[in-house]
Amino acid sequence: PDTGAYHREFLVKGEKNLEVFACFIRRTTDEIVANPQVRRRVEEAIRSVRQEAQDAFPNCLWVFCPAVELTSCYYMDQTTAIYALYDHQDLMEELMTLHWRSTEIWLEVGERTGVDIYGYAINGYEWLSPDLYERYMIPQARRINEIAAGQGRLSWVHTCGRMKRIAAGDAYQRIGVDLLESLSAPPSGDVDDLAETRRAIGADITTRGAINCELLYSDDLAAVRERTADVLEATRGFRHMVGDTNGSYPAYSWASIKAVIDVVREQG
């Protein structure tokens, strides 16, 4: 509750809530599109962060892939989301079209404020079928990345969980992403052969992650060191940023972080 990373309940608990949900998306989209104060507040926040950092670091603005956002745990549990996509396709398509307008506005705001990177998430295969992935995730992600590239910005995609088969199907090359995370190993992911999956992703894409969050939260520093060494070896020859596989809520211990840093420094 203190971090804002947890949700006590879903807004959409079943089909009976879909019309209320639709009203919410329509109203918020109208506000974003029609009210310039909304955009100004976002622009001011971005500029404030840049000023505080004195432009010492790249700036990343998190935008939203419509199908992911509308079916995410912010709004509904995954079972409800599957039935909404299949049984109420006209409604979901309408809401995605509306959501695209919001996403385009955030991309316009990013261009005006000099953002360097656009980040967003697309789901893994925990609950989505390949059909839904092809229908929604790949085209929508590609559209965001094309806009980013047209602005001269970088794109950063987060996929935690089951991404092995997605990578094997050339999905990430087809969406044209610059930076991809998270390469989670079992049990929280399915990348059981990191070297194989890294080769499947291709040399044009920079990767990040591969050290599971649950490992960094453990007290087993020897295991953290071993995994870090394995990641360095498995990604050798490719551009890879050693890191975790999801947001760190709460923060990891300094001992775990230092164990990773020490191995990277030892191996060069």
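## Overall form

The radius of gyration is taken over C-alpha atoms, and the globule rule is 2.2 Å times the number of residues to the power 0.38. For 268 residues, a compact globule would have a radius near 18 Å, and the 19 Å of the protein chain agrees with this. The C-alpha atoms fill a box of roughly 55 × 45 × 35 Å along the principal axes.

This is a predicted model, in which local features need pLDDT of at least 70 and side-chain atom pairs count only at pLDDT 80 or more, while totals for chains, interfaces and linings use all residues. Residues are numbered from 1 along each chain as its sequence is written, and side-chain values use heavy atoms, with hydrogens and water left out.

## Elements and burial

Of its 268 residues, 47% are buried, meaning under 20% relative accessible area with a 1.4 Å probe, protein chains only.

## Thr-245 and Ser-184

Thr-245 belongs to the loop between strand S6 (240-244) and helix H12 (254-267). Because its relative accessibility is 3%, Thr-245 counts as buried. Beyond residues up to four places away in sequence, Thr-245 has contacts (heavy atoms within 4.5 Å) with residues including His-158, Ser-184 and Asn-212.

Ser-184 lies in the loop between strand S4 (179-182) and helix H9 (194-201). Ser-184 is also buried, at a relative accessible area of 2%. Leaving aside neighbours within four places, its contacts include Cys-160, Asp-190 and Thr-245. The C-alpha atoms of Ser-184 and Asp-244 are 8.5 Å apart, although 60 residues separate them along the chain.

Notes: Helix = DSSP H or I, 4+ residues; strand = E, 2+ residues; numbered from the N terminus. Buried < 20%, exposed > 50% of the residue type's maximum accessible area, 1.4 Å probe, protein only.
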